[in-house]
Amino acid sequence: MTYLNKIGGAQAVDRIIEEFFKRMEALPEARSVRDLHQEDLAKTKGVMKRYFSEWLNRPAGISTPHGQTGLASRHATMPIGASERDAWMQCMREALRAVVTDEKVRSELEDRLYQLADQLRNDEEKYQ
């Protein structure tokens, strides 16, 4: 069974992403991450929902069609250091808590997402 099935399918992904962006907009700690994005987040939300649906529908270790290389290239123009990674993860952890009721599944997803977010760090000054 994939994580997509374990969390409740595409509807759960939609809720997670909506909760994530709510927090990105509201949390002062996430301002640096919010500032990396365009004012209108509609396209970004759509891309993130598609990516998460694909990512969650594959067994651990199997890449999506965009792959992690594609994900890194999409974020290459954004200065991402440890503080941006941590702010992103704060928003994601809270979104997962709001939607994913199974603590074991939620913990596993948080671990996998942290690894993914950590791999996107690209700001040499902040890369510590």
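Colleague: What does Ala12 touch, not counting residues up to four places away in sequence?
Modeller: Ala12 touches Ile7 and Val99. Keep in mind that this is a predicted model.

Colleague: Okay. Which helix does Ala12 lie in?
Modeller: Ala12 is part of helix H2, which covers residues 10-26.

Colleague: And is Ala12 buried or exposed?
Modeller: Ala12 has a relative accessible area of 5%. Buried means under 20%, so Ala12 counts as buried.

Colleague: How far apart are the C-alpha atoms of Ala12 and Val100?
Modeller: They are separated by 7.8 Å, although the two residues are 88 residues apart along the chain.

Colleague: Let's switch to the core. How many residues does the largest nonpolar core have?
Modeller: That core has 33 residues. Phe52 and Trp88 are the ones with the most contacts inside it.

Colleague: Which elements give two or more residues to this core?
Modeller: Helices H1, H2, H4, H6 and H7 do. H6 gives the most, with eight residues.

Colleague: Why would residues like that end up together?
Modeller: As a general point, nonpolar side chains tend to be buried together in soluble globular proteins.

Colleague: Back to Phe52. What is it in contact with, leaving aside its neighbours within four places in sequence?
Modeller: Phe52 is in contact with Val13, Ile17, Trp88, Met92 and Leu113.

Colleague: Now the helix pairs. At what angle do H2 and H4 pack?
Modeller: The angle is about 135°, and their axes are 9 Å apart. That makes H2 oblique to H4, and H2 passes H4 in a right-handed crossing.

Colleague: Which residues in H2 and H4 meet?
Modeller: From H2, the residues include Val13, Ile17 and Phe21, and among those they meet in H4 are Met48, Phe52 and Leu56. By class, the contact has seven nonpolar, two polar and four charged residues.

Colleague: And H4 with H7, what's the angle there?
Modeller: H4 (residues 42-56) and H7 (residues 103-119) pack at about 120°, with their axes 13 Å apart. These helices are therefore oblique to each other as well, and H4 passes H7 in a right-handed crossing.

Colleague: Which residues meet in that pair?
Modeller: Tyr51, Phe52, Trp55 and Leu56 in H4 meet Leu109, Arg112, Leu113 and Leu116 in H7. Seven nonpolar residues and one charged residue make up that contact, with no polar ones.

Technical notes
Residues numbered from 1 in each chain as written. Predicted model: local features only at pLDDT ≥ 70, side-chain atom pairs only at ≥ 80, totals over all residues. Heavy atoms only, no water. Axes fitted to C-alpha atoms, helices over the stretch in contact; angles between N-to-C directions. Helix = DSSP H or I, 4+ residues; strand = E, 2+ residues; numbered from the N terminus. Parallel < 35°, antiparallel > 145°, perpendicular 65-115°, else oblique. Left-handed = near helix turned anticlockwise from the far one by under 90°. Contact = heavy atoms within 4.5 Å. Nonpolar A, V, L, I, M, F, W, Y, C, P; charged D, E, K, R; others polar. Core = buried A, V, L, I, M, F, W, Y, C linked by side-chain atoms within 4.5 Å. Buried < 20%, exposed > 50% of the residue type's maximum accessible area, 1.4 Å probe, protein only.
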